[in-house]
Amino acid sequence: MNVIELKNITKTYRTKKNIITAVDDVSFSVGEGELFGLIGPDGAGKTSIFRILTTLLLADKGNAAVMDLDVVKSYKEIRKIIGYMPGRFSLYQDLSVEENLEFFATIFNTTIEANYDLVSDIYKQLEPFKTRRAGKLSGGMKQKLALCCALIHKPKVLFLDEPTTGVDPVSRKEFWEMLKRLKAQGISILVSTPYMDEAKLCDRIALIQNGSILEIDTPQNIINRFDKNLYAVKSKSMFNLLNDLRAYSKTESCFAFGNYHHLVLNEVEPDLDELKSYLQNHIDLEITLIQPNIEDRFMQLMRK
Amino acid sequence: MNTQKEIVIKTDKLTKKFGDFIAANEITFEVFKGEIFGFLGANGAGKTTAMKMLIGISKPSSGNATIAGFDVYEDTENIKRSIGYMSQKFSLYEDLTIKENITLFGGIYGLSDDEIETKCNELLQKLNLQNDANKLVGSLPLGWKQKLAFSTAIFHTPKIVFLDEPTGGVDPITRRQFWDMIYEAAHNGITVFVTTHYMDEAEYCDRVSIMVDGVIKALDSPAGLKKQFNANSMDEVFLMLARNAKRGE
C-alpha cells in the first residue's frame with residue numbers, strides 16, 4: 001500500500017484577470033515508512049499539494065488518497081490519522097507551550113501522557129519553557145512545539161510544509177535528526193523545503209517548479225542523471241571570472257556557487273587547455289572536475 | 001577593487017542592553033569599501049540588534065561606531081542617506097507600480113526628478129522591464145521582486161547596502177542572478193553587508209563574521225575560517241561555533 005498517492009492533480013486559482021495554475025498534473029506516491037521530500041522554490045505549488053492531501057483544499061482535477069482513503073470522500077477519517085505542520089506558525093500564540101500541546105491532544109481525544117513516548121525526545125527540550133506563551137518562543141522552539149502538536153495523536157502520516165524555512169543551520173540540523181528518529185518509529189513523512197542541501201536527507205525527492213514535477217527519484221539517482229562534466233573554477237577576481245566564463249564560446253552554463261563558479265561546457269570532450277589559455281590573465285586560476293549536487297541538477301532541469 | 005582599504009564601517013565595543021539582557025556585547029569590527037561582508041549568527045544571536053544600530057535606528061547602550069564616516073549616536077540622518085536597505089520581509093510596495101516604487105524611493109533618498117527619470121529608464125532597461133514599468137509590483141514573480149528591490153536599494157548609489165536575508169525561497173537560478181547583482185554592486189565600490197541562513201552563500205562573501213550569544217566569535221575570509229576550524233564547509237564552521245549557543249531568539 002502507498003501511504004500517499006496523487007494521480008494527475010491539478011489546482012488553479014482565479015484572480016480578476018488571470019487563472020494561475022498552481023499545481024499542474026502532478027502524480028507521485030509515498031511508500032510506507034518513507035521520508036519523501038518536495039523540493040522547490042516559493043510558488044512551485046508545494047503548499048497547494050499539502051493542503052489538498054490534508055483535505056483542506058479541493059483539487060480541480062485528479063485523485064489523491066492518504067492511507068488508501070480518498071481525500072474528498074473520506075476527509076474525516078484522514079484528518080484523524082495525519083499530523084500536519086503548516087508553513088506558517090499556526091499554534092495559539094497566547095496559550096502556553098503546555099496548553100497548546102494539551103489542546104491538540106484533547107481535540108484528538110487523547111492525552112499527552114498516552115503518547116508521551118513519541119514526543120518525549122522533542123518535548124524535553126521545551127519543558128523548561130512549558131509555562132511560556134507560544135508567541136514568545138524563539139523560531140527554533142516554535143518549530144519544535146509545532147512538531148509536538150502535530151505528533152501528539154500518534155499520526156500514521158506526517159505532513160511538514162517548509163518546517164525549516166528561516167531557521168538557522170543548527171536548528172535545521174536538529175530538526176532533521178528528529179525526523180530521522182520519527183521515521184525509525186514507522187511514521188511516513190512528506191516534507192517540503194526550499195533548501196536544496198536538505199534534499200539529500202530524504203529517501204526520495206520530487207523536484208518541483210512552477211506547479212510541475214521536474215524529476216522524482218532518490219537523491220543519488222537524481223545527481224547521477226547530471227550527464228555533463230561539471231567544473232569548479234576559481235580565481236582571484238571572481239566577478240571578472242564569472243563574466244569571462246559566460247563570454248567563453250564553449251560555455252553552456254556558468255553559475256556562481258559560493259567560493260567556486262560551476263561551469264558546464266558544450267563539448268563532449270572539453271578541451272581544458274584551451275579554456276586555461278583563454279583565462280590566462282586570471283591570477284590563482286583553479287579548474288577542478290567535481291561531483292554535481294542536487295542544486296546543479298535542479299538548475300540543469302530548469303534550463304531544459 | 002581598491003588597494004588602499006578605505007574603511008566604511010567601524011565599530012568599537014558596540015553594545016546594546018535591554019535591561020540586564022546584553023543583546024550585542026562589545027562587538028568590534030571593520031568593513032572595507034567594495035567588500036561583501038557576511039554577517040552570520042544563529043536565531044537570537046543578536047544580528048538584528050547589531051544591524052539596527054548600524055543603520056541608525058537603534059541607539060547603542062555603549063561603545064562607538066561610524067558608518068560611512070558618520071557617528072551612530074549623532075549623525076543617524078546622514079547614515080540613513082548613505083545606505084540602502086533591503087530585507088526579505090519588506091522591500092517594495094506591492095500596490096504601487098514598478099515605476100512608482102522606484103520614483104518613491106528615489107525621492108526619499110533625495111534624488112532630483114531629472115535624476116530619477118534618467119536613472120529609472122536606465123534601470124528598467126538593465127532589468128529588461130521597459131514594457132512592465134506600469135505593472136503593479138504585487139503581480140511580479142518573487143524573483144523579479146527581489147531583483148527590483150535590490151536595484152531600488154542601491155538606486156541612489158549608497159556607500160553601503162544592508163541586505164537582511166535577501167534570498168529566502170527563490171529558485172536556484174534566480175538566487176544566482178541575485179548574487180550576480182551583488183557581485184556587480186561590490187565591483188562598483190558599493191559595500192555589501194548581508195545576513196543569510198544559506199551557509200553556501202557565506203562562501204560568496206569576502207569576509208564573514210559569526211555571532212553567538214551577542215558576541216562575534218569568529219571573523220575572517222571563508223577560506224581562513226575553514227582553515228582555522230579545520231572544516232570543509234562554512235556549514236561545519238557554523239555548526240561548531242553555534243551548536244553550544246545558550247540563548248534562543
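# A walk through chains A and B

Start by selecting chain A: of its 304 residues, 42% are buried. Keep in mind as you go that this is a predicted model.

**Stop 1: chain A as a whole.** Switch to a cartoon and you will have 10 helices and 14 strands to look at in chain A.

Stop 2: Colour residues 2–218 of chain A as domain 1 and residues 230–303 as domain 2. The centres of these two domains, taken over C-alpha atoms, are 38 Å apart. Where they touch, domain 1 of chain A brings 7 residues and domain 2 of chain A brings 5.

**Stop 3: a helix pair in chain B.** Now move to chain B and select helix H3 (residues 98–108) together with helix H4 (residues 113–126). Their axes lie 10 Å apart, and the helices pack at an angle of about 135°. H3(B) and H4(B) are therefore oblique to each other. The crossing of H3(B) past H4(B) is right-handed. For the contact itself, show the side chains of B:Lys99, B:Ile102, B:Thr103, B:Gly106 and B:Gly107 on H3(B), then B:Ile116, B:Cys120 and B:Leu123 on H4(B). Sorted by class, this contact holds 4 nonpolar, 3 polar and 1 charged residues.

**Stop 4: where the chains meet.** Finally, bring both chains back into view. Here 31 residues of chain B are in contact with 29 residues of chain A. On the chain B side, select helix H6 (172–187), helix H7 (199–202) and helix H9 (234–242), each of which supplies at least two residues. Which helix gives the most to this side of chain B? It is H6(B), with 8 residues. To finish, colour the side of chain B that touches chain A by class: 14 residues are nonpolar, 7 polar and 10 charged.

Definitions and conventions
Residues are numbered from 1 along each chain as its sequence is written. Chains are lettered from A and ligands numbered from 1 in the order in which they are written. This is a predicted model: local features need pLDDT of at least 70, side-chain atom pairs count only at pLDDT 80 or more; totals for chains, interfaces and linings use all residues. Domain bounds come from an automatic or database domain assignment. Two residues are in contact if their C-beta atoms, placed from the backbone, lie within 7 Å. Helices (H or I, at least four residues) and strands (E, at least two) are DSSP runs, numbered from the N terminus. A residue is buried if 20 or more other C-beta atoms lie within 10 Å of its own, exposed if 12 or fewer, and partly exposed in between; C-beta atoms are placed from the backbone. Axes are lines fitted to C-alpha atoms, for helices over the stretch in contact, and angles run from 0 to 180 degrees between N-to-C directions. Angles under 35 degrees count as roughly parallel, over 145 as roughly antiparallel, 65 to 115 as roughly perpendicular and the rest as oblique. A crossing is left-handed if the near helix is turned anticlockwise from the far one by less than a right angle, and right-handed if clockwise. Ala, Val, Leu, Ile, Met, Phe, Trp, Tyr, Cys and Pro count as nonpolar, Asp, Glu, Lys and Arg as charged, and the others, Gly among them, as polar.
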